[in-house]
Amino acid sequence: MEEPLRTVIAGMIGGAVMGMVFVTHMALLLVYNPPQALKNRAAESSVSKLITMATVATYLGWNFLAIVMAFAAQATRSASTLADPQISIAPSPVYLLVVLFVTIGISIPAFVFFQDRKQHFLAELAVFIGIFGFLIPNLVVAVQRSQF
C-alpha cells in the first residue's frame, strides 16, 4: 500500500476517535443541559434534522482535520523515527509543540465564550491533545511499519 494512503488511514482512525468522543460529549451536554435557544426551537418544531446534520458535519470535520494533521505529523517526523520507525511518546516533537501552541491559542478566546462550561471545554482540550498530539503521530509511525 502506498505511503500517502497509509497516512490517510492513520488520520481517519484518529479523526474517528475524536469525532466519536466529541459527538458523545456534546450529545450528553445537549440532553442534560440544553441551551435556551435550543429549548425554544424544540418546542416549535423537530430539531432531529438539525442534530443529525450537525453530527455528520462534526464527524466529517474531525476526520478531515485529522487527515491533514496526519500528513503534518508525517512531514515533521524527526530523523530518528525516519531511520528506525518505532512507537514513542513523541515521534514528532515539532508537531507536538505546534499542536500545543494551537491548542493554547484556541483555548484563550474559547474560555471567554464558554465560561459556564469550562470543565467540559478542558476535558475536550485534553482529549484533543491526546489524540492529535500523541495518538495520530504514533498511528502514522505504526501504519508505516505495518505489512498490509
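What is the volume of the largest pocket? About 340 Å³. Before you look, note that this is a predicted model, where local features need pLDDT of at least 70, side-chain atom pairs count only at pLDDT 80 or more, and totals for chains, interfaces and linings use all residues. Residues are numbered from 1 along each chain as its sequence is written, and side-chain values use heavy atoms, without hydrogens and water.

**Colour by confidence.** pLDDT is the predictor's confidence in each residue, from 0 to 100. The protein chain averages 84. Where pLDDT is low, the predicted coordinates should not be read in detail. Helices here are DSSP runs (H or I, at least four residues), numbered from the N terminus.

**Select Ile136.** Leaving aside neighbours within four places in sequence, Ile136 is in contact (heavy atoms within 4.5 Å) with Gly14, Ala66, Met69, Ala70, Tyr95 and Ile131.

**Select Phe22, Met26, Phe114, Phe121 and Glu124.** Of the 15 residues lining the largest pocket, these lie nearest its centre. H1, H5 and H6 each give two or more residues to this lining. The lining holds 10 nonpolar, three polar and two charged residues.

**Move to the second largest pocket.** Its volume is about 290 Å³. Select Phe22, Met26, Leu30, Leu50 and Thr58, which are among its lining residues. H1 gives the most to this lining, with six residues.

Notes. 1 Å grid on protein atoms, 1.4 Å probe; cavity = no way out; pocket = protein on both sides within 12 Å on 5 of 7 lines; lining within 4 Å. Points joined across faces, edges and corners; volume = space filled by probe spheres on them. Nonpolar A, V, L, I, M, F, W, Y, C, P; charged D, E, K, R; others polar.
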